[in-house]
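Subject: Structure handover

Hello,

Here is the structure I promised you. Please open it alongside this note.

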Amino acid sequence: MTTQRDSIDIQLAETGNTTAPGSAERVAAASAGNTAAGSDRKNLFDLDRVQLEDFFEEVLGEKRYRAHQVMKWIHHRYVTDFNDMTDLGKALRGKLEQHAQVRAPMVIFDKPSTDGTHKWLLGMDPKNAIEAVFIPDKGRGTLCVSSQVGCALNCQFCSTATQGFNRNLSTAEIIGQVWVAARHLGNVPHIQRKLTNVVMMGMGEPLANFDNVVRAMSIMRDDLGYGLANKRVTLSTAGMVPMIDKLGEVSDVSLAVSLHAPNDELRTELVPLNKKYPIAELMAACERYVRRKPRSSITFEYTLMKGVNDQPTHARQLARLMRQFDNAVQMKDAAKVNLIPFNPFPGTRFERSEESDIRAFQKLLLDSHVLTMVRRTRGDDIDAACGQLKGQVMDRTRRQAEFRKHLAQQEAGDAAA
Ligand code: SF4
């Protein structure tokens, strides 16, 4: 979910949109090594602890605990060459070389910031690339991770949606984003923690790629992986109701919900998925999620768009919804609201709300005893803020072509005016 990610302030080492001319060639070139390297050998990034133990036992004929050593080499020390895993015997290293590989996503380019913020364009295959963003803040460092190449859900205010959809990311491609960022930061789990939080809020709807996302999140939380506490891994969904229940059965991660509107009519317009899972069903699923995990809360993301969903009447409806939720689960502040000023992108019909309207909206919620924060918006000038991740998507839907046509018509209209 790109809309919920915290915003960033990047001073570009390399300016311009990630889909600038020439990037297709760079995706292909940079990713060539990604796909060519021994695809019949198992990529160990794809395996969580239990699966890796199984692999050691069943494929390599080794003791299960040996898998733990390899996990530490990969996720704590960022070593991908088995020959450099010096506490493994020569024979084991040989077997690993024959049957396995550790293949991270290819960094096509990254954009550093003076404040430590970082954005990566990562090649996933010769035609597709996704974006991941690291956002440092007081005492914490959050990585925003993508779950799909593009997104099929078509939320109207989201830049990713204009790219269309290609495919789900594998577990390796998801955890690989964490690995690339953690290595860059010099993160050492349990010792020198630079990466403190991961949010599944980048490109894609994570619950539409359930198994791979859940497996990747288990590596993020594993002590042999990145050792993050459950509450420090957040999955953000547009509201896939059955999958919220399924997530509650298998995982304890924090949940964020992209609400963006306080009533069904408006929400269906902004988030088409609402037609299938309207607000009442969504809130009921959230209640079930919280009931399974006492003392947890849910963050409701609300992107504020000028004249669309930012009026006092919307704030009052939202406050009512949030209070109903607190009452239903019998917990104060079970519902938290994150207000995100909309980040415009080329071709969008929406505008950012006026600052005075944002403050008034927040005040109305706070006065109604709803815990409400406003996210600072930075990086919108470089397409790096919330809702602006694009990557490079070989669209398998018609949406990208339609959006380009719309853009061309808009530009022609502007020129004629
Ligand atoms: S289209 Fe919706 S679900 Fe998909 S990435 Fe954008 S905001 Fe998230």
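Below are the notes on helix packing and on the annotated sites.

Two housekeeping points come before the findings. Residue numbers start from 1 along each chain, following the sequence as written. The model is predicted: local features need pLDDT of at least 70, side-chain atom pairs count only at pLDDT 80 or more, and totals for chains, interfaces and linings use all residues.

Annotated sites

The unreviewed UniProt entry lists Glu 131 and Cys 386 under "active site". Glu 131 sits in strand β5 (residues 128-137). Strands (E, at least two residues) and helices (H or I, at least four) are DSSP runs, numbered from the N terminus. Glu 131 counts as buried because it has 25 C-beta neighbours inside 10 Å. The cut-offs: buried means 20 or more other C-beta atoms within 10 Å of the residue's own, exposed means 12 or fewer, partly exposed lies in between, and C-beta atoms are placed from the backbone.

Gly 204 is in the loop between β9 (197-200) and α7 (210-221). Gly 204 is buried, with 31 other C-beta atoms within 10 Å. Leaving aside residues up to four places away in sequence, Gly 204 touches Ser 146, Ser 147, Gln 148, Cys 151 and Asn 209 (contact: C-beta atoms, placed from the backbone, within 7 Å). Ser 236 belongs to strand β10 (residues 233-237). Ser 236 is buried too, with 25 other C-beta atoms within 10 Å.

Helix packing

Helix α2 (residues 49-59) and helix α3 (residues 66-75) have axes that come within 8 Å and cross at roughly 125 degrees. Axes are lines fitted to C-alpha atoms, for helices over the stretch in contact, with angles from 0 to 180 degrees between N-to-C directions. α2 and α3 are therefore oblique to each other (under 35 degrees is roughly parallel, over 145 roughly antiparallel, 65 to 115 roughly perpendicular, the rest oblique). Arg 49, Leu 52, Glu 53 and Phe 56 of α2 meet Arg 66, Ala 67, Val 70 and Met 71 of α3.

The axes of helix α11 (residues 312-329) and helix α12 (residues 355-367) come within 9 Å, crossing at roughly 30 degrees. That makes α11 roughly parallel to α12.

Best wishes

Key
Contact = placed C-beta atoms within 7 Å. UniProt positions renumbered as here; feature names shortened; annotations may be inferred.
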